[in-house]
Amino acid sequence: MNLRASCLLLALALAGCSSAPTQPTKPEQSIVNQADDAASEVRFSQNINELLNQVSQTQEIPLQSLESGFLDGKTIPSIRKLVLPPSGTFKKNWLAYRKRFIEPVRLKAGKAFWDENQAFLSQVEQDSGVPVEIIVAIIGIETIYGRQTGNFRVKDVLSTLAFSYPETVNKPAREQLFKDQLKELILLCWTEAGGKLPAKNSIQGVNSARFSACLNQNSSYAGAIGLPQFMPSSIRSFAVDGDGDGKIDLKQSPKDAIASVGNFMKMHGWQSGMPISFSVQSKGIAAAKELADGQPELKYTVQELIEKGILTKQQGDLQSGGVEPSSKAFIVDLPYPDKDGSDQVQYFVGLNNFLTIVQYNRSYFYAQSVAEFAEALGYKNQSVVPVENTGKAKDAKSTSEKSKPKKSSAKKKPKVN
C-alpha cells in the first residue's frame, strides 16, 4: 500500500465513528484515572502542555483557560490494550461479526426508534436523500440507540492515544491522528462553552463549567461520542442541530443524532435512489477473487464486471434496479472460517453508497452489516429512479410506478419478531 493510500485509510478510520464495532463487544469500562507511573505522568503533562500551547497560539485562546480543563487529566492504561490489533492467529469472521449486529435485540430496538422518530426521520430522508433504514441501521449498530455510548472520559481517551499509543507499526500516524482529534475536541468544547474562534485572547462569554463538562463527557475507547459515535472532528464538520434548540447534543437528542448521520452521509457522497452493493454471481467468484485487493476505491466499471461474469446484465440496467454500466465499483471480500476451520470468503461488489458507509467506519464488515441491517428493516437494495420519457412507455407503466420514489411519510415500518 502506498503512502497516500495509507493516509486515506487512516483518515477514514476516524471519519465518523469509532472502530469499536470491528472488535468483539466488551463490557463497558469505568473511568480510570491513574497513570502507569510517576515518570509517565510527567511525560503526559509535558505533552499536554505542549499541545495546549499550540492550540492557544493558533486560536488565540488564553492558555490558562485551556490548562484549567486539563488539571485532572490522566492516561488510561486499559485503553492501550483495547486498541491493539488482533493477534497473528486471529481469523476474521464475517459470519460471527454479522451475528453480533444483525440480531433480534437491535432490530427490535430499531423498529421502536423508528416508531418514536418517524416524522423526523422522514424529513431527514427527504432533505438528505439518505434512506430512513440506513440512518436507523447506523445508530443501531453503533450504540443500540444510545444504550452503549462508552464510559471513558473523552479527554483522557484522546490524550492517552495521542501520547501513549501502543507499540504498533503505525504508531506515529495513529498518535498524530489522535493529537488532531484532541485539538478538535478542545475547539469543539471551547465553542460549546460560548467561546469564539479565534478568541483574540478573550474569555468573554465563555462558561468554564461547560468547557470542563464537555472535555469530561463520556466516549468510546476510541474517543467517539454520542448515539452516532462521532469523533470530535466529525462533530465540528458534520453534526447539525436537528431539534432546533440552538445546540448540538449527540448524547441526549435523537433528532440531533439522526440529522447528523444524514448530513454526514450526504456530505460524503451518498447517492439517493441508488443501491449499496451487489452479490457476485457464483460463476464470477474466481474473477472477483482476482480483483479483490482490500482497497476501498471505485476502480472498475460495472460494465467491466458484467463482462467478467461477476455481475449480471440486469445489475447494469438503471431501470431494472441496477446502475448505469459506466458506474464505478470495487470488490468487497468478507472472510470467514467454515465449520471445519477452512478459510472461506463471501464476495460483493461495492458501489458508491457502500464506499460512503466505509467512510463512516473503515470496515467492510461494518458497511455490509449496515446494508443488511437496513434490508432487515425494509430497505430495497436497488435503484429507484423515475422513467424520464413516459410518452414512450405506455407499455412500461408498471415499471414507471415501481420506479417512483415513495413518500417517506408513507413508508411501511418493518415487522420485527
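Helix α7 is followed by G129, whose phi is positive, near 85 degrees. The structure is a predicted model, in which local features need pLDDT of at least 70 and side-chain atom pairs count only at pLDDT 80 or more, while totals for chains, interfaces and linings use all residues. Residues are numbered from 1 along each chain as its sequence is written, and side-chain values use heavy atoms, with hydrogens and water left out.

Helices (H or I, at least four residues) and strands (E, at least two) are DSSP runs numbered from the N terminus.

In helix α11 (residues 208–215), F211, C214 and L215 are buried. Viewed down the axis of α11, these residues fall within an arc of 100 degrees and therefore line one face of the helix; the arc is that of the directions from the helix axis to the C-beta atoms. Among the elements covering them are α3 (63–68), β1 (152–153), α9 (154–163) and α10 (171–192).

Strand β6 (residues 343–350) pairs in the antiparallel sense with β3 (residues 277–279) over three bridges, pairing requiring at least two DSSP bridges between two strands. In this pairing, S279 stands opposite F348 of β6. Strand β5 (residues 328–337) also pairs with β6 in the antiparallel sense, over eight bridges, and Y347 in β6 is the bridge partner of D333. β5 and β6 form a hairpin with five residues between them, and G341 in the turn has a positive phi of about 90 degrees.

Terms used:
Buried < 20%, exposed > 50% of the residue type's maximum accessible area, 1.4 Å probe, protein only. Contact = heavy atoms within 4.5 Å.
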